[in-house]
Amino acid sequence: GKQLFVAPKGRSFKQFEEESRSHGWPSFRDAEVDWENVRVIPNGEVVSLNGTHLGHNLPDARGNRYCINLVSVAGRPVDESA
């Protein structure tokens, strides 16, 4: 599949994990989104470039927080050598 998110960036894995656990969803920040493959539509829904629902943007005091369905981020990266 296509890369959608890369975390953590600009924070430790512990911080990423704590924030995700506190909200109940994997929670990504702007720097962790692969904008070549992800879009946020005006109602806050986060979708892949192919239109697949991924989750929602739920901004907080620190900025945009993309709460993403775990099944949307599970998988294997594309094998570029194949």
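This report walks through a predicted model, starting with its sheet and moving on to some charged and aromatic residues.

Five of them make an open sheet, in the order 1-5-4-3-2, and the pairing is antiparallel. Which strands stand at the edges? They are strand 1 and strand 2; each has a single partner strand, so one side of each is left without a neighbour in the sheet.

You can follow one of these pairings in your viewer. Strand 2 and strand 3 are joined by three bridges in the antiparallel sense. Look for arginine 39, which stands opposite valine 47 in strand 3.

## Two buried arginines

Now turn to arginine 11, which sits in the segment before helix 1 (13-23). Is arginine 11 buried or exposed? Its relative accessibility is 12%, and because buried means under 20%, arginine 11 counts as buried. Its side chain makes a polar contact of 2.7 Å with the side chain of glutamate 32. Leaving aside neighbours within four places in sequence, arginine 11 is in contact with Phe16, Glu19, Ser27, Phe28, Arg29 and Glu32.

Arginine 29 is found in the loop between strand 1 (27-28) and strand 2 (38-40). Arginine 29 is buried too, with a relative accessible area of 9%. Along the chain, arginine 29 and arginine 11 are 18 residues apart, while their C-alpha atoms are separated by 10.0 Å in space.

What does the side chain of arginine 29 meet? It makes a polar contact with the side chain of aspartate 60, at 2.8 Å. A polar atom of the arginine 29 side chain also lies 3.3 Å from the backbone oxygen of glycine 63. Beyond its neighbours within four places in sequence, the contacts of arginine 29 include Glu19, Arg62, Asn64 and Tyr66.

## A buried glutamate

Glutamate 45 belongs to strand 3 (residues 45-48). This residue is buried yet has no salt bridge. How far away is the nearest side chain of opposite charge? That side chain belongs to arginine 39, and it is 13 Å away.

Glutamate 45 does have a polar partner: its side chain and that of histidine 53 are joined by a polar contact of 2.6 Å. Leaving out neighbours within four places in sequence, the residues in contact with glutamate 45 are Arg39, Val40, His53, Gly55 and His56.

## Aromatic rings

How many aromatic pairs does the structure hold? There are four. One of them joins phenylalanine 13 and phenylalanine 16 in a tilted arrangement, 5.9 Å centre to centre and with 45° between the planes. Both residues lie in helix 1, three residues apart, about one turn of the helix. Phenylalanine 16 counts as buried, at 11% relative accessibility.

Another ring pair brings together tryptophan 35 and tyrosine 66. Their centres are 5.8 Å apart and their planes are at 80°, so the pair is edge-to-face. Tryptophan 35 lies in the loop between strand 1 and strand 2, and tyrosine 66 is in strand 5 (residues 66-68), so this pair ties together parts that are 31 residues apart in sequence. Tryptophan 35 is partly exposed, with a relative accessible area of 38%, whereas tyrosine 66 counts as buried at 3%.

Note on methods:
Residues are numbered from 1 along each chain as its sequence is written. This is a predicted model: local features need pLDDT of at least 70, side-chain atom pairs count only at pLDDT 80 or more; totals for chains, interfaces and linings use all residues. Side-chain values use heavy atoms; hydrogens and water are left out. Helices (H or I, at least four residues) and strands (E, at least two) are DSSP runs, numbered from the N terminus. Buried means under 20% relative accessible area, exposed over 50%, partly exposed in between (1.4 Å probe, protein chains only). Contact means heavy atoms within 4.5 Å. A polar contact is a pair of N or O atoms within 3.5 Å; within protein, one must be able to donate a hydrogen and the other to accept it, and residues adjacent in sequence count only if both atoms are side-chain atoms. Lys and Arg count as positive and Asp and Glu as negative; His and the chain ends are not counted. A salt bridge is a side-chain nitrogen of Lys or Arg within 4 Å of a carboxyl oxygen of Asp or Glu. Two strands pair if DSSP finds at least two bridges between them. Rings of Phe, Tyr and Trp (its six-membered ring) pair if their centres lie within 6.5 Å; planes under 30 degrees apart count as stacked, over 60 as edge-to-face and the rest as tilted.
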